[in-house]
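Work through the following exercises with the sequence and the 3D view side by side. Each task is followed by a solution that goes step by step.

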Amino acid sequence: MTATPPDLPADAALFLDFDGCLVEIAPRPDAIVVPDTLPALLAGLHRRQGGAVALVSGRDVADLRRYLPDFPGAIAGSHGAEIAWQGAPPDPVETGGLDATALHARVRDLAAHDDRLLVEPKPHGVVLHYRAAPDLAEWVDRTMGELASHYPALALQPAKMAMELRPKSAGKDRALSRLMQAPDFAGRIPVYAGDDLTDEAAMAEAQSRGGFAIKIGAGPTVARHRLPDPAALARWLAAALPC
Ligand SMILES: O=P(O)(O)OC[C@H]1O[C@H](O[C@H]2O[C@H](CO)[C@@H](O)[C@H](O)[C@H]2O)[C@H](O)[C@@H](O)[C@@H]1O
């Protein structure tokens with residue numbers, strides 16, 4: 001059973017997923033709408049939590065910075081493959097010699113199968129989206145699975161109406177563990193909010209470290225707490241800030 005979360009402790013380290021968590025899911029990755037109030041909310045939380053606020057997303061760091069250019073905290077992008085500390089460029093990523101451009105071209109060729117499919121290239125992988133073609137779910141899973149067998153350094157990452165190839169060495173749980181070693185985060189209670197399969201390992205990691213996790217929306221989860229949607233999460237976060 002998942003319960004409403006307790007108040008955000010002042011000594012928490014806060015980890016926030018982006019799509020489906022801070023912003024509503026949209027028909028396409030570039031169609032999301034960032035609520036007007038979100039940048040100030042994140043800045044207020046960053047002050048209140050002593051700098052211990054991080055975005056943890058499947059999107060790459062550059063993409064997240066386009067949507068939240070003034071976010072003052074750390075950003076773990078590409079499912080934790082990239083970590084950018086407050087305002088700095090991302091740490092270099094070990095890609096195992098991946099030719100990302102060739103991979104993107106291969107997936108674009110596969111996507112020519114149906115013009116409702118959408119390819120999202122990433123610096124260390126690629127996503128094939130089928131939100132506009134739900135009938136192709138099985139085809140996408142199978143085709144990306146076959147492709148994955150040619151890329152031993154990449155792992156299949158199922159997401160909402162999408163299948164991704166991302167570095168095997170990445171993972172939001174690993175990103176959380178790394179961030180928890182940083183001076184602003186160390187010794188704090190990890191609190192993680194997320195909505196997708198990609199968040200489950202990080203939620204488990206937060207709980208195993210004595211913190212808590214909040215699942216946003218419906219669906220099975222390891223999280224012990226739940227809120228219905230990004231608006232409810234924003235209200236819960238705002239309640240932690242002085243009026
Ligand atoms: O880890 P997240 O911040 O939750 O990012 C996960 C993926 O989110 C994006 O795709 C999802 O959201 C899109 C916009 O709402 C939606 O159209 C798509 O169907 C969803 O899968 C993003 O495009 C991916 O790169 C992220 O990995």
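**Exercise 1. Describe the overall fold and size of the protein chain.**

Solution. Begin with the secondary structure of the protein chain, which comes to seven helices and 11 strands, where helices (H or I, at least four residues) and strands (E, at least two) are DSSP runs numbered from the N terminus. Next, the radius of gyration, taken over C-alpha atoms, is 18 Å, close to the 18 Å that the globule rule gives for 243 residues, so the protein chain is as compact as a globular protein of that length; the rule itself is 2.2 Å times the number of residues to the power 0.38. Finally, the C-alpha trace spans about 55 × 35 × 30 Å along its principal axes.

This is a predicted model, in which local features need pLDDT of at least 70 and side-chain atom pairs count only at pLDDT 80 or more, while totals for chains, interfaces and linings use all residues. Residues are numbered from 1 along each chain as its sequence is written, and side-chain values use heavy atoms, with hydrogens and water left out.

**Exercise 2. Locate salt bridges in the structure.**

Solution. Applying the rule (a side-chain nitrogen of Lys or Arg within 4 Å of a carboxyl oxygen of Asp or Glu), the structure holds 11 salt bridges. One of them joins Asp17 and Lys172, whose closest N and O atoms are 3.1 Å apart. Asp17 sits in the loop between strand E1 (12-16) and helix H1 (38-48), whereas Lys172 belongs to helix H5 (residues 172-179), 155 residues apart.
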